[in-house]
Amino acid sequence: MQRQKQNFIIIWICNLLVAGTMTMIMPFLSLYIETMGDFSESYVQKWAGIIFGATFITAFLMSPIWGRIADKYGYKPILVINATGLALSILLMGYVENVWQFFFLRLLMGVVTGFIPTSLAFISSQTDKKEAGKTLGTLQMGSVSGTLFGPIVGGLLADSFGFQYTFIITAVTVFVAGIIILVGVTEVKAVKKKAAQIYSRKDVLVGIIKHPLLFNVMLITSLIQIGNFSIQPLLSLYVSDLISDPMQVTFLAGLTFSAAGLGNILFSRFWGRLGDHIGYEKVLFILLGFAVIFMIPQAWVTSLWQLILLRLIYGTVLGGLIPTTTALIRREAPISIQGEVMGYNTSFRFFGNIFGPLLGGFVSGLFSISAVFYSTAALFLIAFIILYFIKKKPSVDLDDIIKGRS
(Lines give C-alpha, C1' and ligand atoms only; values in the text may rest on other atoms or scores of the structure.)
Protein backbone atom coordinates (compact mmCIF):
# COMPACT_ATOMS: atom_id res chain seq x y z
CA MET A 1 0.00 0.00 0.00
CA GLN A 2 2.88 2.38 0.85
CA ARG A 3 4.52 1.67 -2.52
CA GLN A 4 1.26 2.35 -4.33
CA LYS A 5 0.89 5.66 -2.51
CA GLN A 6 4.48 6.61 -3.37
CA ASN A 7 3.94 5.66 -7.00
CA PHE A 8 0.76 7.74 -7.12
CA ILE A 9 2.50 10.84 -5.73
CA ILE A 10 5.42 10.50 -8.17
CA ILE A 11 3.14 9.94 -11.17
CA TRP A 12 1.00 12.89 -10.07
CA ILE A 13 4.05 15.16 -9.96
CA CYS A 14 5.35 13.86 -13.32
CA ASN A 15 1.93 14.38 -14.92
CA LEU A 16 2.07 17.95 -13.63
CA LEU A 17 5.51 18.45 -15.21
CA VAL A 18 4.74 16.75 -18.53
CA ALA A 19 1.29 18.27 -19.03
CA GLY A 20 2.56 21.69 -18.02
CA THR A 21 5.53 21.68 -20.36
CA MET A 22 3.69 20.03 -23.25
CA THR A 23 0.96 22.69 -23.12
CA MET A 24 3.58 25.47 -23.08
CA ILE A 25 3.79 25.20 -26.86
CA MET A 26 0.04 24.99 -27.48
CA PRO A 27 -0.81 28.72 -27.41
CA PHE A 28 1.75 29.57 -30.10
CA LEU A 29 1.57 26.54 -32.40
CA SER A 30 -0.11 28.49 -35.19
CA LEU A 31 2.06 31.54 -34.43
CA TYR A 32 5.22 29.41 -34.72
CA ILE A 33 4.10 28.26 -38.18
CA GLU A 34 3.70 31.90 -39.23
CA THR A 35 7.43 32.49 -38.54
CA MET A 36 8.38 29.94 -41.20
CA GLY A 37 7.19 32.00 -44.17
CA ASP A 38 4.75 34.53 -45.56
CA PHE A 39 1.56 32.47 -45.39
CA SER A 40 -2.14 33.27 -45.70
CA GLU A 41 -4.41 32.88 -42.67
CA SER A 42 -6.18 29.86 -44.21
CA TYR A 43 -2.81 28.20 -44.89
CA VAL A 44 -1.73 28.67 -41.26
CA GLN A 45 -5.07 27.35 -39.96
CA LYS A 46 -4.84 24.28 -42.19
CA TRP A 47 -1.26 23.44 -41.20
CA ALA A 48 -1.93 24.14 -37.52
CA GLY A 49 -4.57 21.41 -37.61
CA ILE A 50 -2.42 18.99 -39.63
CA ILE A 51 0.72 19.44 -37.51
CA PHE A 52 -1.23 19.28 -34.26
CA GLY A 53 -2.87 16.00 -35.30
CA ALA A 54 0.22 14.43 -36.90
CA THR A 55 1.61 13.13 -33.60
CA PHE A 56 -1.52 11.15 -32.93
CA ILE A 57 -1.46 9.24 -36.22
CA THR A 58 1.49 7.08 -35.17
CA ALA A 59 0.34 7.17 -31.53
CA PHE A 60 -3.01 5.71 -32.64
CA LEU A 61 -1.20 2.73 -34.19
CA MET A 62 1.28 2.24 -31.34
CA SER A 63 -0.99 2.41 -28.27
CA PRO A 64 -2.33 -1.19 -28.35
CA ILE A 65 1.23 -2.45 -28.93
CA TRP A 66 2.51 -0.54 -25.89
CA GLY A 67 -0.50 -1.84 -23.94
CA ARG A 68 0.31 -5.44 -24.80
CA ILE A 69 3.94 -4.88 -23.80
CA ALA A 70 2.71 -3.38 -20.51
CA ASP A 71 0.74 -6.56 -19.75
CA LYS A 72 3.99 -8.51 -20.07
CA TYR A 73 6.69 -6.16 -18.76
CA GLY A 74 4.85 -3.45 -16.82
CA TYR A 75 4.05 0.23 -17.36
CA LYS A 76 7.21 1.75 -15.87
CA PRO A 77 9.52 1.01 -18.84
CA ILE A 78 6.95 2.48 -21.23
CA LEU A 79 6.65 5.69 -19.20
CA VAL A 80 10.44 6.12 -19.19
CA ILE A 81 10.65 5.48 -22.96
CA ASN A 82 7.78 7.90 -23.60
CA ALA A 83 9.38 10.69 -21.57
CA THR A 84 12.81 10.28 -23.17
CA GLY A 85 11.43 10.12 -26.70
CA LEU A 86 9.16 13.10 -26.14
CA ALA A 87 12.03 15.17 -24.76
CA LEU A 88 14.23 14.49 -27.79
CA SER A 89 11.43 15.19 -30.27
CA ILE A 90 10.46 18.49 -28.65
CA LEU A 91 14.08 19.61 -28.49
CA LEU A 92 14.48 19.12 -32.24
CA MET A 93 11.25 21.04 -32.94
CA GLY A 94 12.98 24.21 -31.84
CA TYR A 95 15.29 23.94 -34.85
CA VAL A 96 12.86 23.20 -37.70
CA GLU A 97 13.01 25.51 -40.74
CA ASN A 98 9.75 24.70 -42.54
CA VAL A 99 6.32 23.20 -41.95
CA TRP A 100 7.25 19.86 -43.53
CA GLN A 101 10.09 19.31 -41.05
CA PHE A 102 7.74 20.27 -38.23
CA PHE A 103 5.11 17.84 -39.54
CA PHE A 104 7.45 14.84 -39.88
CA LEU A 105 8.98 15.47 -36.46
CA ARG A 106 5.52 15.57 -34.89
CA LEU A 107 4.70 12.36 -36.77
CA LEU A 108 7.83 10.65 -35.41
CA MET A 109 7.04 11.89 -31.92
CA GLY A 110 3.78 9.95 -31.99
CA VAL A 111 5.65 6.66 -31.64
CA VAL A 112 6.43 7.56 -28.02
CA THR A 113 3.46 9.80 -27.27
CA GLY A 114 1.03 8.74 -24.60
CA PHE A 115 2.63 9.58 -21.28
CA ILE A 116 -0.57 10.88 -19.66
CA PRO A 117 -2.89 8.04 -20.86
CA THR A 118 -0.23 5.45 -19.91
CA SER A 119 0.11 6.94 -16.44
CA LEU A 120 -3.69 6.80 -16.06
CA ALA A 121 -3.64 3.14 -17.06
CA PHE A 122 -0.72 2.47 -14.70
CA ILE A 123 -2.42 3.97 -11.65
CA SER A 124 -5.76 2.43 -12.65
CA SER A 125 -4.17 -1.05 -12.70
CA GLN A 126 -3.11 -0.59 -9.06
CA THR A 127 -6.39 0.87 -7.81
CA ASP A 128 -9.39 -0.90 -6.36
CA LYS A 129 -12.33 -0.78 -8.78
CA LYS A 130 -14.54 0.80 -6.11
CA GLU A 131 -12.21 3.81 -5.81
CA ALA A 132 -11.12 4.11 -9.44
CA GLY A 133 -13.16 7.23 -10.13
CA LYS A 134 -11.84 9.20 -7.14
CA THR A 135 -8.23 8.09 -7.72
CA LEU A 136 -8.24 8.81 -11.45
CA GLY A 137 -10.00 12.11 -10.82
CA THR A 138 -7.27 13.07 -8.35
CA LEU A 139 -4.58 12.01 -10.83
CA GLN A 140 -6.32 14.10 -13.47
CA MET A 141 -5.80 17.08 -11.18
CA GLY A 142 -2.03 16.66 -11.63
CA SER A 143 -2.10 16.79 -15.42
CA VAL A 144 -4.71 19.52 -15.41
CA SER A 145 -2.69 21.60 -12.93
CA GLY A 146 0.10 21.46 -15.48
CA THR A 147 -2.34 22.35 -18.25
CA LEU A 148 -3.54 25.26 -16.13
CA PHE A 149 -0.13 26.92 -15.74
CA GLY A 150 1.64 25.59 -18.84
CA PRO A 151 -0.01 27.83 -21.46
CA ILE A 152 0.52 30.95 -19.35
CA VAL A 153 4.19 30.13 -18.69
CA GLY A 154 4.66 29.13 -22.33
CA GLY A 155 3.14 32.37 -23.54
CA LEU A 156 5.36 34.43 -21.25
CA LEU A 157 8.50 32.48 -22.25
CA ALA A 158 7.71 32.78 -25.96
CA ASP A 159 7.13 36.53 -25.64
CA SER A 160 10.27 37.02 -23.54
CA PHE A 161 12.82 34.61 -25.04
CA GLY A 162 11.35 33.34 -28.31
CA PHE A 163 9.93 30.03 -29.48
CA GLN A 164 13.20 28.08 -29.66
CA TYR A 165 14.10 28.49 -26.00
CA THR A 166 10.57 27.48 -25.01
CA PHE A 167 11.02 24.18 -26.88
CA ILE A 168 14.36 23.60 -25.14
CA ILE A 169 12.92 24.24 -21.66
CA THR A 170 9.99 21.95 -22.45
CA ALA A 171 12.31 19.13 -23.56
CA VAL A 172 14.51 19.35 -20.48
CA THR A 173 11.51 19.27 -18.12
CA VAL A 174 9.99 16.20 -19.79
CA PHE A 175 13.36 14.42 -19.60
CA VAL A 176 13.56 15.21 -15.87
CA ALA A 177 10.11 13.63 -15.40
CA GLY A 178 11.40 10.44 -17.05
CA ILE A 179 14.40 10.35 -14.69
CA ILE A 180 12.13 10.80 -11.67
CA ILE A 181 10.02 7.80 -12.75
CA LEU A 182 13.09 5.67 -13.47
CA VAL A 183 14.50 6.31 -10.00
CA GLY A 184 11.40 6.72 -7.86
CA VAL A 185 8.68 4.36 -9.15
CA THR A 186 8.48 0.72 -8.04
CA GLU A 187 5.81 -1.03 -10.05
CA VAL A 188 3.47 -3.32 -8.13
CA LYS A 189 2.47 -6.04 -10.59
CA ALA A 190 -1.21 -6.91 -10.65
CA VAL A 191 -2.02 -10.45 -9.50
CA LYS A 192 -3.38 -12.47 -12.40
CA LYS A 193 -5.47 -15.62 -12.17
CA LYS A 194 -3.38 -18.76 -12.48
CA ALA A 195 -5.75 -20.07 -15.10
CA ALA A 196 -5.81 -16.82 -17.02
CA GLN A 197 -5.77 -17.54 -20.71
CA ILE A 198 -3.42 -15.72 -23.08
CA TYR A 199 -5.41 -14.19 -25.91
CA SER A 200 -4.19 -13.09 -29.32
CA ARG A 201 -4.43 -9.46 -30.38
CA LYS A 202 -7.22 -10.44 -32.77
CA ASP A 203 -9.21 -12.13 -29.97
CA VAL A 204 -8.94 -9.06 -27.76
CA LEU A 205 -9.88 -6.64 -30.54
CA VAL A 206 -12.89 -8.69 -31.69
CA GLY A 207 -13.95 -9.10 -28.04
CA ILE A 208 -13.91 -5.33 -27.53
CA ILE A 209 -15.93 -4.74 -30.70
CA LYS A 210 -18.54 -7.30 -29.59
CA HIS A 211 -18.70 -5.88 -26.05
CA PRO A 212 -21.45 -3.22 -26.27
CA LEU A 213 -20.31 -1.10 -23.30
CA LEU A 214 -16.55 -1.22 -23.94
CA PHE A 215 -16.73 -0.47 -27.64
CA ASN A 216 -19.25 2.33 -27.30
CA VAL A 217 -17.46 3.96 -24.37
CA MET A 218 -14.29 3.95 -26.48
CA LEU A 219 -16.30 5.50 -29.30
CA ILE A 220 -17.58 8.15 -26.90
CA THR A 221 -13.97 8.77 -25.79
CA SER A 222 -13.12 9.42 -29.44
CA LEU A 223 -16.00 11.87 -29.86
CA ILE A 224 -14.94 13.72 -26.70
CA GLN A 225 -11.39 14.08 -28.00
CA ILE A 226 -12.54 15.14 -31.48
CA GLY A 227 -14.63 17.87 -29.87
CA ASN A 228 -11.88 19.08 -27.54
CA PHE A 229 -9.09 19.02 -30.11
CA SER A 230 -11.05 20.57 -32.97
CA ILE A 231 -10.88 24.01 -31.34
CA GLN A 232 -7.54 23.89 -29.47
CA PRO A 233 -5.19 24.62 -32.41
CA LEU A 234 -7.44 27.52 -33.45
CA LEU A 235 -8.00 29.06 -30.03
CA SER A 236 -5.08 31.50 -30.28
CA LEU A 237 -6.43 32.76 -33.62
CA TYR A 238 -9.91 33.10 -32.10
CA VAL A 239 -8.42 35.10 -29.21
CA SER A 240 -6.55 37.38 -31.63
CA ASP A 241 -9.87 38.30 -33.26
CA LEU A 242 -11.28 39.36 -29.87
CA ILE A 243 -8.46 41.69 -28.76
CA SER A 244 -7.04 44.94 -30.11
CA ASP A 245 -3.40 44.60 -29.01
CA PRO A 246 -1.59 41.94 -31.12
CA MET A 247 1.46 42.11 -28.83
CA GLN A 248 -0.50 40.39 -26.04
CA VAL A 249 -2.06 37.62 -28.10
CA THR A 250 0.32 34.84 -26.95
CA PHE A 251 -0.15 35.55 -23.26
CA LEU A 252 -3.92 36.02 -23.53
CA ALA A 253 -4.25 32.84 -25.60
CA GLY A 254 -2.41 31.01 -22.83
CA LEU A 255 -4.74 32.54 -20.25
CA THR A 256 -7.75 31.35 -22.26
CA PHE A 257 -6.33 27.82 -22.47
CA SER A 258 -5.78 27.85 -18.72
CA ALA A 259 -9.35 28.91 -17.92
CA ALA A 260 -10.69 25.47 -18.88
CA GLY A 261 -7.87 23.92 -16.87
CA LEU A 262 -8.89 25.79 -13.74
CA GLY A 263 -12.47 24.57 -13.99
CA ASN A 264 -11.13 21.09 -14.67
CA ILE A 265 -8.95 20.96 -11.57
CA LEU A 266 -11.71 22.25 -9.32
CA PHE A 267 -14.17 19.49 -10.23
CA SER A 268 -12.26 16.42 -11.52
CA ARG A 269 -12.04 14.75 -8.09
CA PHE A 270 -15.69 15.59 -7.38
CA TRP A 271 -16.91 13.85 -10.55
CA GLY A 272 -14.70 10.83 -9.84
CA ARG A 273 -16.05 10.39 -6.32
CA LEU A 274 -19.61 10.85 -7.57
CA GLY A 275 -19.00 8.12 -10.16
CA ASP A 276 -17.78 5.75 -7.44
CA HIS A 277 -21.04 6.30 -5.55
CA ILE A 278 -23.79 6.51 -8.15
CA GLY A 279 -22.18 4.78 -11.15
CA TYR A 280 -19.87 5.95 -13.91
CA GLU A 281 -22.51 5.65 -16.62
CA LYS A 282 -24.81 8.10 -14.82
CA VAL A 283 -22.04 10.64 -14.26
CA LEU A 284 -20.86 10.38 -17.86
CA PHE A 285 -24.44 10.93 -19.03
CA ILE A 286 -24.71 14.12 -16.92
CA LEU A 287 -21.32 15.41 -18.09
CA LEU A 288 -22.07 14.95 -21.79
CA GLY A 289 -25.36 16.84 -21.40
CA PHE A 290 -23.62 19.74 -19.68
CA ALA A 291 -20.85 19.71 -22.31
CA VAL A 292 -23.41 20.40 -25.04
CA ILE A 293 -24.99 23.24 -23.05
CA PHE A 294 -21.71 24.97 -22.17
CA MET A 295 -20.03 24.62 -25.55
CA ILE A 296 -22.51 26.46 -27.78
CA PRO A 297 -22.34 29.93 -26.13
CA GLN A 298 -18.58 30.06 -26.80
CA ALA A 299 -19.46 30.76 -30.44
CA TRP A 300 -21.42 33.88 -29.44
CA VAL A 301 -18.77 35.81 -27.49
CA THR A 302 -17.92 39.38 -28.43
CA SER A 303 -15.10 39.99 -25.94
CA LEU A 304 -12.28 37.97 -24.41
CA TRP A 305 -13.59 37.98 -20.83
CA GLN A 306 -16.77 36.24 -22.01
CA LEU A 307 -14.75 33.49 -23.69
CA ILE A 308 -12.54 33.01 -20.61
CA LEU A 309 -15.59 32.76 -18.34
CA LEU A 310 -17.28 30.21 -20.59
CA ARG A 311 -14.06 28.17 -20.92
CA LEU A 312 -13.87 28.11 -17.11
CA ILE A 313 -17.44 26.80 -16.81
CA TYR A 314 -16.86 24.27 -19.60
CA GLY A 315 -13.71 23.10 -17.80
CA THR A 316 -15.73 22.04 -14.75
CA VAL A 317 -17.44 19.47 -16.97
CA LEU A 318 -14.33 18.49 -18.90
CA GLY A 319 -12.60 17.46 -15.66
CA GLY A 320 -14.79 14.40 -15.27
CA LEU A 321 -15.05 13.05 -18.83
CA ILE A 322 -11.72 11.23 -19.27
CA PRO A 323 -11.40 9.85 -15.67
CA THR A 324 -14.97 8.54 -15.88
CA THR A 325 -14.46 6.77 -19.22
CA THR A 326 -11.12 5.36 -17.99
CA ALA A 327 -12.76 4.07 -14.78
CA LEU A 328 -15.45 2.38 -16.90
CA ILE A 329 -12.82 0.65 -19.05
CA ARG A 330 -10.88 -0.37 -15.93
CA ARG A 331 -14.02 -1.89 -14.42
CA GLU A 332 -14.79 -4.01 -17.49
CA ALA A 333 -11.25 -5.14 -18.48
CA PRO A 334 -9.84 -8.43 -17.09
CA ILE A 335 -6.46 -8.05 -15.34
CA SER A 336 -4.65 -10.36 -17.78
CA ILE A 337 -5.38 -8.07 -20.76
CA GLN A 338 -6.00 -4.76 -18.98
CA GLY A 339 -2.98 -3.03 -20.51
CA GLU A 340 -3.97 -3.99 -24.03
CA VAL A 341 -7.60 -2.96 -23.52
CA MET A 342 -6.42 0.36 -22.09
CA GLY A 343 -4.14 0.64 -25.12
CA TYR A 344 -7.09 0.36 -27.48
CA ASN A 345 -8.93 2.99 -25.44
CA THR A 346 -5.89 5.24 -25.83
CA SER A 347 -5.98 4.59 -29.58
CA PHE A 348 -9.58 5.77 -29.67
CA ARG A 349 -8.48 8.90 -27.80
CA PHE A 350 -5.66 9.47 -30.27
CA PHE A 351 -8.02 8.94 -33.19
CA GLY A 352 -10.00 11.85 -31.79
CA ASN A 353 -6.79 13.84 -31.47
CA ILE A 354 -6.04 13.14 -35.14
CA PHE A 355 -9.47 13.88 -36.55
CA GLY A 356 -10.33 16.78 -34.23
CA PRO A 357 -7.79 19.31 -35.55
CA LEU A 358 -8.56 18.27 -39.14
CA LEU A 359 -12.28 18.78 -38.52
CA GLY A 360 -11.65 22.10 -36.82
CA GLY A 361 -9.44 23.31 -39.67
CA PHE A 362 -12.00 22.19 -42.26
CA VAL A 363 -15.00 23.75 -40.50
CA SER A 364 -13.19 27.03 -39.75
CA GLY A 365 -11.88 27.26 -43.30
CA LEU A 366 -15.31 26.58 -44.80
CA PHE A 367 -17.31 28.73 -42.39
CA SER A 368 -15.57 30.38 -39.42
CA ILE A 369 -13.83 29.53 -36.15
CA SER A 370 -17.13 30.20 -34.32
CA ALA A 371 -18.73 27.35 -36.30
CA VAL A 372 -16.27 24.88 -34.73
CA PHE A 373 -18.02 25.32 -31.37
CA TYR A 374 -21.33 24.25 -32.96
CA SER A 375 -19.77 21.14 -34.54
CA THR A 376 -18.17 20.26 -31.19
CA ALA A 377 -21.51 20.56 -29.39
CA ALA A 378 -23.05 18.28 -32.02
CA LEU A 379 -20.39 15.63 -31.32
CA PHE A 380 -21.10 15.75 -27.57
CA LEU A 381 -24.80 15.38 -28.35
CA ILE A 382 -24.12 12.27 -30.46
CA ALA A 383 -22.08 10.81 -27.57
CA PHE A 384 -24.96 11.63 -25.20
CA ILE A 385 -27.42 9.74 -27.44
CA ILE A 386 -25.08 6.73 -27.78
CA LEU A 387 -24.73 6.46 -23.99
CA TYR A 388 -28.50 6.74 -23.56
CA PHE A 389 -29.00 3.55 -25.60
CA ILE A 390 -25.99 1.74 -24.06
CA LYS A 391 -27.49 2.10 -20.58
CA LYS A 392 -30.48 0.03 -21.69
CA LYS A 393 -28.37 -2.98 -22.70
CA PRO A 394 -27.59 -5.85 -20.28
CA SER A 395 -24.02 -6.14 -18.96
CA VAL A 396 -21.73 -8.83 -20.35
CA ASP A 397 -18.25 -10.10 -19.39
CA LEU A 398 -15.37 -9.50 -21.82
CA ASP A 399 -13.70 -12.79 -20.87
CA ASP A 400 -16.89 -14.69 -21.74
CA ILE A 401 -17.11 -12.95 -25.14
CA ILE A 402 -13.51 -13.76 -26.04
CA LYS A 403 -13.73 -17.34 -24.79
CA GLY A 404 -16.93 -17.77 -26.78
CA ARG A 405 -15.00 -17.27 -30.04
CA SER A 406 -11.75 -18.98 -28.97
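A nonpolar surface patch joins side chains of Val, Leu, Ile, Met, Phe, Trp or Tyr that lie within 5 Å, drawn from residues with over 30% relative accessible area and no salt bridge. The views below show a predicted model.

**View 1. A nonpolar surface patch with residues from helices H3 and H15.** Phe-60, Leu-61, Phe-351, Phe-355 and Leu-358 together make a nonpolar surface patch of about 450 Å². Two or more residues of this patch come from helix H3 (41-73) and likewise from helix H15 (338-366), and H15 gives the most, with 3 residues. One of the patch residues, Phe-351, has its place in helix H15 and counts as partly exposed because its relative accessibility is 38%.

**View 2. Thr-256, a buried residue of helix H12.** Thr-256 is placed in helix H12, which spans residues 249-278, and its relative accessibility is 0%, so Thr-256 counts as buried. A polar atom of the Thr-256 side chain lies 2.8 Å from the backbone oxygen of Leu-252. When residues up to four places away in sequence are not counted, Thr-256 touches Leu-235, Val-239, Leu-304, Leu-307, Ile-308 and Arg-311.

**View 3. Ala-259 in helix H12 and its contacts with Ile-308, Arg-311 and Leu-312.** Ala-259, which is found in helix H12, is buried, with a relative accessible area of 8%. Leaving aside residues up to four places away in sequence, Ala-259 touches Ile-308, Arg-311 and Leu-312; of these, Ile-308 and Arg-311 are also among the residues touched by Thr-256. From C-alpha to C-alpha, Ala-259 and Leu-309 are 7.3 Å apart in space, although 50 residues separate them in sequence.

Technical notes. Residues are numbered from 1 along each chain as its sequence is written. This is a predicted model: local features need pLDDT of at least 70, side-chain atom pairs count only at pLDDT 80 or more; totals for chains, interfaces and linings use all residues. Side-chain values use heavy atoms; hydrogens and water are left out. Helices (H or I, at least four residues) and strands (E, at least two) are DSSP runs, numbered from the N terminus. Buried means under 20% relative accessible area, exposed over 50%, partly exposed in between (1.4 Å probe, protein chains only). A polar contact is a pair of N or O atoms within 3.5 Å; within protein, one must be able to donate a hydrogen and the other to accept it, and residues adjacent in sequence count only if both atoms are side-chain atoms. Contact means heavy atoms within 4.5 Å. Patches are made of residues with over 30% relative accessible area and no salt bridge: like charges are joined within 9 Å, nonpolar side chains (Val, Leu, Ile, Met, Phe, Trp, Tyr) within 5 Å. Accessible areas come from the Shrake-Rupley method with a 1.4 Å probe; for residues, only the protein chains shown count as cover. A salt bridge is a side-chain nitrogen of Lys or Arg within 4 Å of a carboxyl oxygen of Asp or Glu.
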